[in-house]
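Hi,

Here is the structure I promised to pass on.

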Amino acid sequence: MRLIHPASSGDVDLARVYAYPDGPCVRVNMVASADGGSWLEGRSGGLSGKGDRRIFGVLRGLADVVLAGAATVRTEGYGPARPRESWRPLREGRPAAPPVAVVTRRLDLDLSGALFTEAEPGARTIVVTCDAAPEERRKEAARHAEVIVAGHDGVDLASAVRELGERGLGRVLCEGGPNLNAQLAEAGLIDELCLTLSPALVGGDAARILNGPASLTRLRLAHVLEEEGFLFTRYIRTSGEPAG
């Protein structure tokens, strides 16, 4: 893997180039095809590669919490994040793996699955929902996960991010999907975008990485890495420029 912007020589320290800034930060990590599709045959894995998976691991190791929408959790077959030996220096003073926080209005989740039954100590899965969620289902979820109620008719993501921060989970890594990304952008909550561009054309009806109402978040390019035709970009929200 080589750094092509800004120009550099020598090996790339991924933990350094993807280090979080001081203070709370919502980082979105996605992969897209060269023509802008965010999945192939319904899943993002078909667009990925070795370098992308390596960066994916580093980003999880750096994060306090992994945020994902319920549809992504179901489609991608999410389980809990598993500790890695390489994470030890990245997670000093924190649990060995970050918890996964699932955003869901209807609580349409398999609470008997590994995500809820096999989470690492200190990294219990979190369910982020709203007052409109079925009360009995909320009670059931509370037996398997930590539950955050944020918002009334729908999930208030700004409130949810604040709640996570109050639990010491200020470095948020959002893994999508496109609907959740669009809601975060509309709410002005995206601070960084880590986007892998896959050397593939997919066509079809694949959504873009934001699939929802139009919004504008101005970004500046922090770096571009390249490996085997994949481009790994990191964008940071323009200083002082509100998103949404």
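This is a predicted model: local features need pLDDT of at least 70, side-chain atom pairs count only at pLDDT 80 or more; totals for chains, interfaces and linings use all residues.

Residues are numbered from 1 along each chain as its sequence is written, and side-chain values use heavy atoms, with hydrogens and water left out.

The protein chain has 7 helices and 10 strands (DSSP runs, H or I of at least four residues for helices and E of at least two for strands, numbered from the N terminus). Its radius of gyration is 17 Å against 18 Å from the globule rule for 244 residues, so the chain is as compact as a globular protein of that length (taken over C-alpha atoms; the rule is 2.2 Å times the number of residues to the power 0.38).

Of the 244 residues, 47% are buried (under 20% relative accessible area; exposed is over 50%, partly exposed in between, with a 1.4 Å probe and protein chains only). Looking at contacts (heavy atoms within 4.5 Å) between residues at least 6 apart in sequence, 72% join residues at least 24 apart.

Now the proline. Pro-83 sits in the loop between helix H3 (70-76) and strand E4 (100-103). Pro-83 is partly exposed, at 37% relative accessible area. Beyond its neighbours within four places in sequence, Pro-83 touches Ala-96, Ala-97 and Glu-120. Glu-120 is 37 residues away along the chain, yet the two C-alpha atoms are 8.1 Å apart.

Cheers
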